[in-house]
Amino acid sequence: MCNSNLDMFGLAGRKALVTGGSVGIGKACATALAMAGADVAIADIDQQTGEQTAEGLRQLGVSSIFVKCDVTSKDQVQAMVAKVVEEFGRLDIGVNNAGIAILGGDETLDQAAWDKVIAVNLTGVWLCAQAEAQQMIKQGDGGKIINTASMSARIANCNASYDASKAGIVHMTKTLAAEWGRFNINVNCFSPSYLLTPMHASTPLEARQCIRNLTPMGHMERPEDIYGTIIFLASAASNYVTGHDLLVDGGHTLNAWLVPLGREVPPRVSPEEEVVQLKKDLDAMGVEYDENGINEGLHPEIADAFKGMLGLE
């Protein structure tokens with residue numbers, strides 16, 4: 001029983017695991033959980049940045065560890081969960097966020113690229129959810145599993161491997177929720193938009209403005225724009241929510257917009273405010289950028305894709 005309406009959002013004493021937690025969406029998830037009081041394990045293949053993120057969480061007054069893990073390996077995933085339990089004593093929250101995109105037209109994309117995206121984005125999420133559920137079932141008092149999907153599960157805005165992997169996560173989430181509800185395990189996912197992580201550090205200014213123009217809320221998504229989503233799905237506030245995909249896209253997918261959207265008032269977030277956390281993430285990675293938080297050389301394939309769509313040189 002919660003003592004007040006806001007207590008149901010608290011996570012003090014809870015033990016959480018976030019895969020792909022070093023930067024970007026994963027770091028945002030981990031930060032939100034820590035802000036709500038949870039101890040958080042960061043799992044990633046990038047040990048240096050992951051250790052930095054864990055140290056940053058400890059400065060918020062919670063315990064945090066880093067665990068190196070390739071989510072495509074069942075043995076490493078099982079060892080990751082075992083390490084978290086060894087350090088924290090239990091596991092209450094699993095956020096399965098590790099993911100990749102390999103761009104390219106499907107008429108020429110190599111099968112190896114398809115296989116790698118599916119292995120990380122879909123099989124990896126399933127392996128992690130399975131290992132987390134096994135631990136939660138052993139504990140006997142339920143838990144919360146949260147998978148990172150994407151608005152690309154609903155629209156065709158990337159390529160087949162990425163879009164299919166994210167659509168797969170949404171339906172897998174529903175299936176696992178139906179299977180594991182009998183153990184009091186809630187399984188949900190969330191779908192962000194073009195979120196300004198290091199992956200989008202190469203997105204040209206013209207593309208960013210185009211996205212703003214076609215998003216009712218008027219600005220690009222920042223890591224902190226998913227804080228509330230994660231706290232809700234991880235906390236007692238969502239105890240009767242399971243099998244749900246929570247779309248967090250500022251309204252971008254509400255329509256097939258034919259013209260830029262007008263505004264009566266300025267958006268809540270300015271272009272300068274959009275990139276504050278992105279610049280911090282790039283600093284942590286040792287990546288240079290311009291005043292707009294752009295480094296087209298970091299992910300040139302993304303820069304080229306947007307330039308091609310917009311007819312830019």
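What is the relative accessible area of Arg90? The value is 23%, and Arg90 therefore counts as partly exposed. The model behind this value is predicted.

## Salt bridges around Arg90

One partner is Asp92, with a salt bridge of 2.7 Å from N to O. Asp92 has 3% relative accessibility, so this residue is buried. The other partner is Asp141, where the N to O distance is 2.9 Å. Arg90 sits in the loop between H3 and strand S4 (93–96), and Asp141 sits in the loop between H4 and strand S5 (143–148), so this pair ties together parts that are 51 residues apart in sequence. Asp141 is partly exposed, because its relative accessibility is 45%.

These residues belong to a wider set. Arg14, Arg90, Asp92 and Asp141 are linked in a network of salt bridges.

How many salt bridges does a search of the whole structure find? The count is twelve. Side chains of opposite charge can pair when their charged atoms come close.

Asp281 belongs to helix H9 (residues 276–285) and Lys27 to helix H1 (residues 24–35), so the bridge ties together parts that are 254 residues apart in sequence. Are the two residues buried or exposed? Both Asp281 and Lys27 are buried.

## H3 against H4

Two packed helices are described by the angle between their axes and the distance between the axes. Helix H3 covers residues 74–88, and helix H4 covers residues 111–139. Their axes come within 9 Å and cross at roughly 40 degrees. That angle makes H3 oblique to H4. The crossing is right-handed.

On the H3 side, the contact is made by Lys74, Val77, Gln78, Met80, Val81 and Val85. H4 contributes Leu127, Cys128, Gln130, Ala131, Glu132, Gln134 and Gln135. By class, this contact holds seven nonpolar, four polar and two charged residues.

## H4 against H5

H4 also packs with helix H5 (residues 160–180). Here the angle is about 15 degrees, and the axes are 9 Å apart. H4 is therefore roughly parallel to H5; the cut-off for that label is an angle under 35 degrees. The crossing of H4 and H5 is right-handed.

Which residues of H4 meet H5? They are Trp114, Val117, Ile118, Asn121, Leu122, Val125, Trp126, Ala129, Gln130 and Ala133. The H5 side consists of Ala160, Ser161, Tyr162, Ala164, Ser165, Lys166, Gly168, Ile169, Met172, Leu176 and Trp180. The classes in this contact are 15 nonpolar, five polar and one charged.

## H7 and Tyr227

Helix H7 (residues 227–234) is mostly covered, with six of its eight residues buried. The buried residues are Tyr227, Thr229, Ile230, Ile231, Leu233 and Ala234. What do they pack against? Their partners are H1, S4, S5, strand S6 (185–192) and strand S7 (245–248).

Tyr227 lies in H7. Leaving out residues up to four places away in sequence, Tyr227 touches Ala28, Thr31, Ala32 and Met35. Tyr227 is 141 residues from Glu86 in sequence, and their C-alpha atoms are 27 Å apart.

## Gly99 in its loop

Gly99 is located in the loop between S4 and H4. Its relative accessible area is 37%, so Gly99 counts as partly exposed. Beyond its neighbours within four places in sequence, Gly99 is in contact with Val120 and Asn121.

How far apart in space are Gly99 and Thr19, C-alpha to C-alpha? The distance is 9.0 Å, across a separation of 80 residues in sequence.

Notes: Residues are numbered from 1 along each chain as its sequence is written. This is a predicted model: local features need pLDDT of at least 70, side-chain atom pairs count only at pLDDT 80 or more; totals for chains, interfaces and linings use all residues. Side-chain values use heavy atoms; hydrogens and water are left out. Axes are lines fitted to C-alpha atoms, for helices over the stretch in contact, and angles run from 0 to 180 degrees between N-to-C directions. Helices (H or I, at least four residues) and strands (E, at least two) are DSSP runs, numbered from the N terminus. Angles under 35 degrees count as roughly parallel, over 145 as roughly antiparallel, 65 to 115 as roughly perpendicular and the rest as oblique. A crossing is left-handed if the near helix is turned anticlockwise from the far one by less than a right angle, and right-handed if clockwise. Contact means heavy atoms within 4.5 Å. Ala, Val, Leu, Ile, Met, Phe, Trp, Tyr, Cys and Pro count as nonpolar, Asp, Glu, Lys and Arg as charged, and the others, Gly among them, as polar. A salt bridge is a side-chain nitrogen of Lys or Arg within 4 Å of a carboxyl oxygen of Asp or Glu. Buried means under 20% relative accessible area, exposed over 50%, partly exposed in between (1.4 Å probe, protein chains only).
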